[in-house]
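Please look at the chain below. A short report on its fold and contacts comes after it.

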Amino acid sequence: QVQLVESGGGLVQPGGSLRLSCSASGTILNIGSAGWYRQAPGKQRELVASITSGGITNYADSMKGRFTISRDSAKNTVYLQMNSLKPEDTAVYSCNAWIRGVSGTYVDYWGRGTQVTVSS
């Protein structure tokens with residue numbers, strides 16, 4: 001069974017950095033597009049960044065220049081490097097990926113999320 005597990009969240013001061021990881025486990029034939037989303041209390045979930053299987057990236061406007069999404073296909077892992085963090089970046093960050101497993105078809109998977117808190 002395929003699972004996505006995020007790690008790397010925590011408490012950081014404004015201006016600080018964090019690196020989130022999203023690791024896929026199970027019988028995986030291929031990972032297609034993947035992305036990071038976040039949801040702050042009382043707000044809707046929003047896209048942070050996405051990356052295609054070919055490495056093409058896309059960012060929400062407020063994250064451009066501060067966040068970087070990357071992937072290591074050999075490790076079945078997607079990363080989100082977050083720099084110059086602001087209090088408004090506080091949210092639960094979740095990863096999403098289209099994964100082809102033993103069924104042979106791509107299925108949309110979500111992780112449970114990791115809390116990021118930016119506060120002094």
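**Basis**

This is a predicted model: local features need pLDDT of at least 70, side-chain atom pairs count only at pLDDT 80 or more, and totals for chains, interfaces and linings use all residues. Residues are numbered from 1 along each chain as its sequence is written, and side-chain values use heavy atoms, with hydrogens and water left out.

**The chain**

The chain holds 11 strands and 0 helices. Both kinds of element are DSSP runs, numbered from the N terminus: helices are H or I with at least four residues, strands are E with at least two. Read from the N terminus, the order is β-β-β-β-β-β-β-β-β-β-β. The radius of gyration is 14 Å, close to the 14 Å of the globule rule for 120 residues, so the chain is as compact as a globular protein of that length. The radius is taken over C-alpha atoms, and the rule is 2.2 Å times the number of residues to the power 0.38. Along the principal axes, the C-alpha atoms fill a box of roughly 45 × 25 × 25 Å.

Of the 120 residues, 39% are buried. Buried means under 20% relative accessible area, exposed over 50%, and partly exposed in between, with a 1.4 Å probe and protein chains only. The accessible surface comes to about 6,500 Å², and carbon and sulfur atoms hold 47% of it. These areas come from the Shrake-Rupley method with a 1.4 Å probe; for residues, only the protein chains shown count as cover. Contacts are heavy atoms within 4.5 Å. Among contacts between residues at least 6 apart in sequence, 54% join residues at least 24 apart.

An open sheet is built from 4 strands in the order E1-E3-E8-E7, with antiparallel pairing. Its edge strands, E1 (3-7) and E7 (67-72), each pair on one side only. Neighbouring strands are turned by 15 degrees against each other on average, direction ignored. Two strands pair if DSSP finds at least two bridges between them.

Valine 5 has serine 23 in E3 as its bridge partner. The covered face of E1 carries Leu4 and Glu6, while Gln3, Val5 and Ser7 make up the uncovered one.

**An aromatic pair**

The whole structure has 1 aromatic pair. Tyrosine 37 and tryptophan 110 form this tilted pair, 5.0 Å centre to centre with 55 degrees between the planes. Rings of Phe, Tyr and Trp (its six-membered ring) pair if their centres lie within 6.5 Å; planes under 30 degrees apart count as stacked, over 60 as edge-to-face and the rest as tilted. Tyrosine 37 lies in E4 (residues 30-39) and tryptophan 110 in E10 (residues 106-110), so the pair ties together parts 73 residues apart in sequence.

**Serine 119**

Serine 119 sits in the segment after strand E11 (114-118). Not counting residues up to four places away in sequence, serine 119 touches Leu11, Val12, Gln13 and Pro14. Alanine 60 is 59 residues from serine 119 in sequence and 22 Å away in space, C-alpha to C-alpha.

| Residue | Relative accessible area | Class |
|---|---|---|
| Tyrosine 37 | 22% | partly exposed |
| Tryptophan 110 | 32% | partly exposed |
| Serine 119 | 38% | partly exposed |

Conventions
Axes fitted to C-alpha atoms, helices over the stretch in contact; angles between N-to-C directions.
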